[in-house]
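Please study the sequence and the structure before reading each solution.

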Amino acid sequence: MRKISTDEINKQVYNLCAKANFELDEDILCKFKENAGNEVIADLARNAELASKNKVAICQDTGFVLVFIELGQEVNLEGGDLKQAVNEGVAKAYEDCYLRKSVLNDPLQRKNTGNNTPAIFYTDIVPGDKVKITVVPKGGGSENKSALKMLTPADGKDGVVSFVLDTVKKAGADACPPYVIGVGIGGTFDHVGLLAKKALLRKLGQAHQDKETAELEEVLLAKINGLNIGPAGFGGSPTALAVQIETFPCHIASLPVAVNIGCHVNRHASAII
């Protein structure tokens with residue numbers, strides 16, 4: 001059994017909050033380079049370069065923090081409460097790094113908690129003696145344009161395509177394109193949204209391992225880029241940098257579908273202890 005202190009979790013969450021807000025993933029930067037001839041995308045790439053160089057936020061909306069932890073079953077956590085360690089890491093990072101605090105203590109009373117906590121916290125128990133931490137600062141603009149629908153089995157693949165396209169059309173330019181589109185298919189009402197969120201974490205350009213699902217990703221990307229929304233809503237292409245799908249078995253009477261829109265920065269950062 002390997003012992004890991006929750007203090008180390010705290011430190012990693014702190015570092016990942018800063019990294020995700022200051023530095024774009026290399027796969028996003030590669031997509032920007034592929035479209036370097038587009039004036040808007042060139043400006044987005046320059047913004048990312050300045051953010052990384054000067055250690056300032058890529059975007060003023062520094063998000064509601066989600067923390068995904070893959071906890072090895074051979075790990076023994078010591079030193080305190082795991083959730084407390086995570087929230088303390090988030091709070092300190094958002095204070096020290098001058099990141100905007102965007103979390104309200106009650107959705108109706110609308111009072112800011114002042115430190116961007118609590119984080120939303122997901123834990124998966126996995127084989128091994130390591131801990132993988134992924135921090136996702138999810139902006140409100142892209143999250144607000146996401147959607148979930150319980151289709152009927154008769155709607156089939158055409159229904160999925162129609163719903164995804166309709167969701168992106170409704171988003172228009174409001175969620176800061178070019179987008180990364182995460183799609184969840186299957187599971188249950190609560191699980192399908194998580195599938196869509198996790199789909200955003202996959203490396204761009206890494207096709208789904210199932211051939212038919214990978215083909216559906218390509219079909220959706222082509223159709224979305226035919227919508228002529230374009231970078232920052234100025235028209236043309238690309239409207240999306242990638243469409244990424246995650247699936248899960250579902251009930252015979254159900255066909256849940258969720259679309260989680262990621263803005264052009266699609267921020268996340270990971271570390272393994």
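**Exercise 1.** Determine whether Lys-170 is buried or exposed.

*Solution.* Lys-170 has a relative accessibility of 61%. Buried means under 20% relative accessible area, exposed over 50%, and partly exposed in between (1.4 Å probe, protein chains only). Lys-170 therefore counts as exposed. The model is predicted: local features need pLDDT of at least 70 and side-chain atom pairs pLDDT 80 or more, while totals for chains, interfaces and linings use all residues. Residues are numbered from 1 along each chain as its sequence is written, and side-chain values use heavy atoms, without hydrogens and water.

**Exercise 2.** Identify the residue with which Lys-170 forms a salt bridge, and locate the pair.

*Solution.* A salt bridge is a side-chain nitrogen of Lys or Arg within 4 Å of a carboxyl oxygen of Asp or Glu. The partner of Lys-170 is Asp-166, with the closest N and O atoms 3.2 Å apart. Both belong to helix α6 (residues 156–171), where being four residues apart separates them by about one helical turn. Helices (H or I, at least four residues) and strands (E, at least two) are DSSP runs, numbered from the N terminus. Asp-166 is partly exposed, at 34% relative accessible area.

**Exercise 3.** State which elements the salt bridge between Asp-124 and Lys-198 links.

*Solution.* The N to O distance between these side chains is 3.1 Å. Asp-124 lies in strand β4 (residues 120–126) and Lys-198 in helix α7 (residues 189–199), so the pair, 74 residues apart, links distant parts of the chain. Asp-124 is partly exposed at 36%, and Lys-198 is likewise partly exposed at 30%.
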